[in-house]
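Hi,

Here is the structure I promised to pass on. Have a look at it first, and then read on for what turned up when I went through it.

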Amino acid sequence: MNTADFIPNNFNFSIEKASYKWQTPSNIALVKYWGKSNPQIPKNASISFTLNNCHTITSIDFEKKDSEGIEFEIYFEGNKKEEFKPKITTFFERILEYCPYISAYKMFINSENSFPHSSGIASSASGMSAIAMCLLSLEKELNPNISEDFVKRKASFLARLGSGSASRSIEGPLVVWGEHPEIPESSNLYGVQFPFEVAPIFKEYQDTILLVDKGEKQVSSTVGHNLMFDHPYAENRFKQANDNLNKLSKILQEGAIKDFITLVESEALTLHAMMLTSQPYFILMKPNTLKVINEIWEYRAATGSNICFTLDAGANVHVLYPKNEKDTVQSFIEEKLSQYCQNNQFINDYAGLGGTKI
Ligand code: PMV
């Protein structure tokens with residue numbers, strides 16, 4: 001599908017009022033997206049586990065209005081949030097061509113996250129995908145002929161225009177975003193489910209997020225992506241990521257867990273290596289991030305566990321492990337790793353199935 005396929009032409013505008021509520025998750029990339037061109041086109045393909053417990057719940061009430069133009073109010077956890085308006089306005093302006101109906105309604109948006117507010121967990125993926133699903137629920141009612149597959153695809157397409165990684169938060173448990181020769185149907189415009197059968201060890205994969213640093217990031221991901229222009233290692237990095245996705249695809253199908261660990265940890269460190277070697281350079285890891293990584297390596301060497309880590313664009317550590325190691329790894333996290341978390345806080349999560357209508 002291409003961009004023009006998402007421009008609608010057939011609506012029944014008889015609906016005066018409507019209300020939809022969606023719960024959509026965050027996701028954690030295994031092969032990372034870092035670097036893009038306009039409009040939100042990734043420089044390489046990426047793949048992520050969709051999470052389950054870290055999610056946003058958003059409702060949108062639509063009320064028909066006479067005036068033209070984008071009009072909305074936004075509430076977050078019960079409070080009106082004027083400061084969220086510019087980002088959402090930019091998003092609505094960007095998608096207006098694909099969702100002309102949003103200018104026919106006043107929108108009242110109510111949103112809440114399952115994870116603590118400033119936990120350092122990026123809420124843009126779950127937040128943008130939840131808004132996208134609410135819009136698609138309205139679109140489906142205005143034009144009942146669109147298929148469920150189209151709904152998911154377009155929701156991912158819209159979410160991507162809000163935040164690139166949000167394109168991977170509509171479905172689960174594994175989603176690829178970005179054109180890749182080995183992944184049929186893959187696209188730069190939206191995420192698609194990983195199309196191959198995955199080995200049992202990778203089913204319901206566990207992710208415990210260690211809240212190492214809950215502060216505001218010093219460098220936003222928008223700035224970070226832009227620093228990949230003129231980055232001395234950019235071209236090799238984009239090629240490496242696409243090669244890694246090819247390798248990971250086979251690893252997931254074959255159940256090659258040791259290779260999974262090596263590839264996923266290398267991807268996390270490479271993402272941060274890009275930050276360390278940008279101009280200007282920056283560091284998002286904290287001393288406790290490195291302490292956790294070393295603890296994980298020691299534990300793995302001592303016990304033969306299949307535990308490993310990955311990192312987002314921040315200091316928090318995602319501890320990944322198969323479901324059959326849940327009890328032992330949980331004890332290790334409580335006894336050893338929680339001391340490196342702010343207020344000993346961590347969130348247990350696992351690979352889930354994507355958004356649900358409430
Ligand atoms: O979606 P953005 O623009 O916030 O970028 C996210 C980038 C990473 O989280 C670091 C990697 C990824 O693929 O999710």
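Pro-195 is partly exposed, as its relative accessible area is 41%. Keep in mind that this is a predicted model, so every value below is computed from predicted coordinates. You'll find Pro-195 in the loop that runs between strand E9 (191–193) and strand E10 (206–210). Leaving aside neighbours within four places in sequence, Pro-195 is in contact with Ile-183 and Pro-184. Lys-106 sits 89 residues away from Pro-195 along the chain, and the C-alpha atoms of the two are separated by 38 Å.

Now for the overall layout. Across the boundary, 34 residues of domain 1 are in contact with 43 residues of domain 2.

That brings me to the ligand. Where does it lie relative to domain 1 and domain 2? Between them, because both domains give residues to the shell around the ligand. There are 13 residues around the ligand, and those that come nearest are Tyr-33, Ser-165, Arg-168, Ser-221 and Asp-312. By type, the shell divides into 5 nonpolar, 5 polar and 3 charged residues.

- His-225 uses its side chain, with an N or O atom 3.0 Å from an oxygen atom of the ligand.
- Asp-312 has a polar side-chain atom 3.0 Å from an oxygen atom of the ligand.

How much of the ligand's surface does the protein bury? Taken alone, the ligand exposes 380 Å², and the protein buries 92% of that.

Ser-59 has its place in strand E4 (residues 46–64). With a relative accessible area of 14%, Ser-59 is under the 20% cut-off and therefore counts as buried. Its contacts, leaving aside neighbours within four places in sequence, are Tyr-20, Lys-21, Phe-108, Ile-109, Asn-110 and Cys-134.

Ser-163 is in the loop between helix H3 (148–162) and strand E8 (174–177). Ser-163 is buried too, at 12% relative accessibility. The side chain of Ser-163 makes a polar contact of 3.3 Å with the side chain of Ser-124. Apart from neighbours within four places in sequence, the residues in contact with Ser-163 are Gln-40, Ser-124, Ala-125 and Met-128.

Gln-40, one of those contacts of Ser-163, deserves a look of its own. Most residues other than glycine have a negative phi. Gln-40, however, has a positive phi, near 55 degrees. Gln-40 lies in the loop between strand E2 (36–37) and strand E3 (41–42), and is buried with a relative accessible area of 7%.

Asn-344 also has a positive phi near 55 degrees. Asn-344 lies in the loop between H8 and strand E13 (346–350). Is Asn-344 buried or partly exposed? Partly exposed, with a relative accessible area of 47%.

Then there are the cis peptide bonds. Most peptide bonds are trans. Here, a cis bond joins Gly-172 and Pro-173, with omega at about -5 degrees. Pro-173 lies in the loop between H3 and E8, which is also where Ser-163 is found. Another cis bond joins Gln-279 and Pro-280, again with omega at about -5 degrees. Pro-280 lies in the loop between helix H6 (257–276) and helix H7 (287–303).

Last, take a look at Pro-322. You'll see Pro-322 in the loop between strand E12 (317–321) and helix H8 (326–337). Pro-322 is buried, its relative accessible area being 1%. Leaving aside neighbours within four places in sequence, Pro-322 is in contact with Ile-201, Tyr-205, Gln-206, Ile-257 and Asn-306. Ser-67 is 255 residues from Pro-322 along the chain, and their C-alpha atoms are separated by 54 Å.

Cheers

How values were computed: Residues are numbered from 1 along each chain as its sequence is written. This is a predicted model: local features need pLDDT of at least 70, side-chain atom pairs count only at pLDDT 80 or more; totals for chains, interfaces and linings use all residues. Side-chain values use heavy atoms; hydrogens and water are left out. A residue is near a molecule or strand if one of its heavy atoms lies within 4 Å of it. A polar contact is a pair of N or O atoms within 3.5 Å; within protein, one must be able to donate a hydrogen and the other to accept it, and residues adjacent in sequence count only if both atoms are side-chain atoms. Accessible areas come from the Shrake-Rupley method with a 1.4 Å probe; for residues, only the protein chains shown count as cover. Ala, Val, Leu, Ile, Met, Phe, Trp, Tyr, Cys and Pro count as nonpolar, Asp, Glu, Lys and Arg as charged, and the others, Gly among them, as polar. Domain bounds come from an automatic or database domain assignment. Helices (H or I, at least four residues) and strands (E, at least two) are DSSP runs, numbered from the N terminus. Buried means under 20% relative accessible area, exposed over 50%, partly exposed in between (1.4 Å probe, protein chains only). Contact means heavy atoms within 4.5 Å.
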